[in-house]
Every structure is written in structure tokens, then in C-alpha cells.
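Please look at the sequence and the structure shown here before reading on.

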Amino acid sequence: MDAAGKLWKGLSLTGKLLAHRPRGWKDYVLNGLSCLAGSGRSLGRPVHVTIEPATVCNLTCPVCETGAGCLERPGQLMSLDEYKAILGRLPDSVGAMMLYFMGETFLNPHAYDMIRLARERGIFVETCTNGDFVDPQCLVDSGIDMVSFQMDGASAATHGTYRVGSDFERVVANLRRTVALRDKQGRRIPRITAGLIVMRHNVHEIEAFRKKALEEWGVDDVDIVSPCVRTYAQGVEMIPDDDAFWLYDRKRFEEEHVLRPRWTLPWYGCSWIYFSLTIQVNGDVVPCCRDPRGKHVLGNVFRQSVSEIWNSPRMRSLRRNIRQGRRPFLCDLCSGFGVPRVRWRS
């Protein structure tokens with residue numbers, strides 16, 4: 001689905017929002033209108049936030065800036081007090097959180113408390129994990145709404161080609177244990193998925209992975225993800241031949257050796273920056289997950305209020321520039337995110 005389709009799909013939630021009235025539904029509508037108008041100022045408050053609990057990881061995945069050792073930010077774990085301070089600064093419009101960014105969430109010993117504290121505030125919490133250090137009992141008990149185990153193969157050899165340093169059998173055991181504990185309690189949450197980033201070395205295992213994940217491991221769904229690379233050389237090495245898995249303009253890639261999204265920004269620009277903020281481990285706020293190195297800092301939540309950052313001169317300028325076609329560097333590798341989903345429990 002292209003970016004325009006994603007936006008309209010997001011705005012089609014308006015009727016459901018009005019019926020259920022989850023947290024931030026008015027802000028969601030106001031932000032959508034601001035996006036359509038191409039305004040530098042967003043009339044609503046943020047409804048979604050990404051918080052980074054860690055910039056360290058046990059793996060050395062070659063494309064990931066953390067794994068490759070080129071993040072250009074220090075390895076750090078967010079303290080529980082820092083996290084509580086951030087929670088206290090979030091407006092009550094925030095109804096959904098991604099507790100994950102450029103490190104392994106569960107290397108932070110406070111991760112389960114972080115989830116619990118957000119859930120106590122009524123925030124829908126989801127995360128991604130490589131699965132090596134998950135404590136299944138603590139994860140289920142935390143009350144998390146959704147967790148995605150990121151695995152890149154149906155076998156240990158294939159998985160380890162990209163997830164360098166991962167113990168495939170341990171990850172599978174942690175995944176299956178999480179499913180079993182969830183099911184034993186007769187609960188519908190957390191929703192548990194398994195993710196496969198499709199690359200040349202594992203494209204042949206897509207169906208085997210899907211079958212194992214659903215039938216043997218017991219997950220609720222499987223996410224088949226097209227690869228995002230950082231350089232031309234990585235693209236040559238990793239992106240499969242099948243066009244279905246290309247996020248990039250293949251002609252420009254092959255003829256000019258450059259990475260550019262295969263989609264073009266529609267007239268309204270990027271919708272994500274009208275709905276969400278990304279807070280890095282030191283409190284710096286960046287527009288989205290396409291700024292892992294923190295080069296486009298909009299403010300810091302430990303020194304400024306979220307509302308001040310949300311419609312700051314830097315944020316308004318970013319929105320206007322994207323609307324007018326002056327895309328910052330972080331848009332070059334963007335696959336298009338559309339609108340964050342407002343979550344609520346049925």
C-alpha cells in the first residue's frame with residue numbers, strides 16, 4: 001500500500017474512533033486534518049510515542065547501526081527514574097507506545113516495569129525483540145499488548161546468517177514459552193508475532209518459516225518484511241531479486257547506485273510526523289526511526305515539555321519542508337509508514 005493509501009486508511013478510522021472514543025481520538029482527528037492541510041503546526045497533540053530503553057544489543061547484525069558499531073551514540077540503558085520522568089511529561093493524548101528503537105529492549109533490567117507503568121496509565125504498549133534475553137513469565141505478567149519476535153530464518157544456520165550471535169534454539173524456546181504462558185492464563189494478550197526480514201540468504205525459507213511460526217511455535221501472526229539497507233553494497237548483497245521485496249527505486253539502484261524509495265511523497269508529505277514522536281535513550285526527540293544516529297534533534301524531554309517540542313520552530317519547519325518537497329536526509333531510506341494506529345482494548 002502506498003503512502004496515500006495508508007493515510008486514507010488511517011483516516012477511515014474516524015467513525016470507529018467516534019464510536020469507541022479511545023485515548024487521544026480528538027487529537028488523532030485534529031492531527032489528520034493538519035496533515036491534509038499541510039500545516040507546519042499540528043492542531044492536536046501526539047497520540048503515539050516511541051521510547052528507546054537501550055542503545056546496546058547482544059547481536060552484531062550487519063545492517064543495524066548498533067550491531068555494526070556505527071550508531072555514533074554511546075551504549076546506554078535508560079534508568080527507571082528517567083523513564084518515569086518521561087511518562088510524567090507525556091500528554092494524556094498518547095494512547096500507544098513502541099518501547100524499542102536502536103537496542104535490545106530486554107537488556108534493560110527495568111523493561112518489564114516500564115511496560116507495566118505505561119499499561120497502568122492506559123497506554124497500549126508493543127515492542128520488538130531478538131528473543132535471546134526475554135523472560136517469558138515477566139513478559140506475560142507485565143501486561144504488554146503486543147510483542148514481535150524478530151527471527152530471520154526457519155533454521156539455526158539461516159537465522160544466524162544475519163542475526164549474528166543469536167541462539168536460535170533459545171529464541172524459539174522463549175517464543176514458545178511466552179505463547180504457552182499466555183494461553184495457560186486464558187488471555188488474549190499479548191498478541192505475539194514472528195517477524196522475518198526477507199534477504200537473499202533466507203528468501204527460500206519464507207513458507208517454511210510461516211508454517212513453523214503458526215503451526216509449531218503458535219504465534220498469532222507472521223510479519224514478512226522487505227529489507228531496509230543503508231548502502232548500495234548492502235543492497236547488492238542482501239536484497240532478493242524478486243521486485244516484491246524492493247523498497248527502493250530499482251532502476252536508480254542499478255543505474256546510479258543510489259538508494260531512493262520506490263514511492264514518491266504525495267502532495268501532503270509525511271503523515272507520521274503529525275501523529276508521533278521518537279524519544280531516544282538520553283531524552284532527545286527525533287522525528288522518527290529513520291534518524292537512528294540522532295542527527296535531527298528537535299528537543300529534549302528532560303529540558304522541555306512535549307507540547308513545546310511538538311510544535312517547536314524546528315518541528316514546524318520540518319513539516320513545511322517535507323510538504324514543499326525539501327526532504328531531509330532521513331527520508332532517503334524511508335519505506336513509508338502512513339499513520340500510527342490508535343490502539344485500544346476491546
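## The sheet and its helices

In this predicted model, nine strands build an open sheet with mixed pairing, in the order 6-5-4-3-2-1-7-8-9. Strand 6 (221-225) and strand 9 (299-300) are at the edges with a single partner strand each, so one side of each has no neighbour in the sheet. Here helices (H or I, at least four residues) and strands (E, at least two) are DSSP runs numbered from the N terminus, and two strands pair if DSSP finds at least two bridges between them. Strand 3 (residues 124-129) pairs with strand 4 (residues 146-150) in the parallel sense over four bridges, and T129 stands opposite F149 in strand 4.

| Helix | Strand for the angle | Angle |
|---|---|---|
| Helix 5 (residues 80-89) | strand 2 (96-99) | about 155 degrees |
| Helix 10 (residues 206-216) | strand 6 | about 155 degrees |

The axes of helix 5 and helix 6 (residues 111-120) come within 11 Å and cross at roughly 20 degrees. These two helices are therefore roughly parallel to each other, a term for angles under 35 degrees. Their contact (heavy atoms within 4.5 Å) involves L80, Y83, K84 and L87 of helix 5 and D113, M114, I115, L117 and A118 of helix 6.

Residues are numbered from 1 along each chain as its sequence is written.

Note on methods:
This is a predicted model: local features need pLDDT of at least 70, side-chain atom pairs count only at pLDDT 80 or more; totals for chains, interfaces and linings use all residues. Side-chain values use heavy atoms; hydrogens and water are left out. Axes are lines fitted to C-alpha atoms, for helices over the stretch in contact, and angles run from 0 to 180 degrees between N-to-C directions. Angles under 35 degrees count as roughly parallel, over 145 as roughly antiparallel, 65 to 115 as roughly perpendicular and the rest as oblique.
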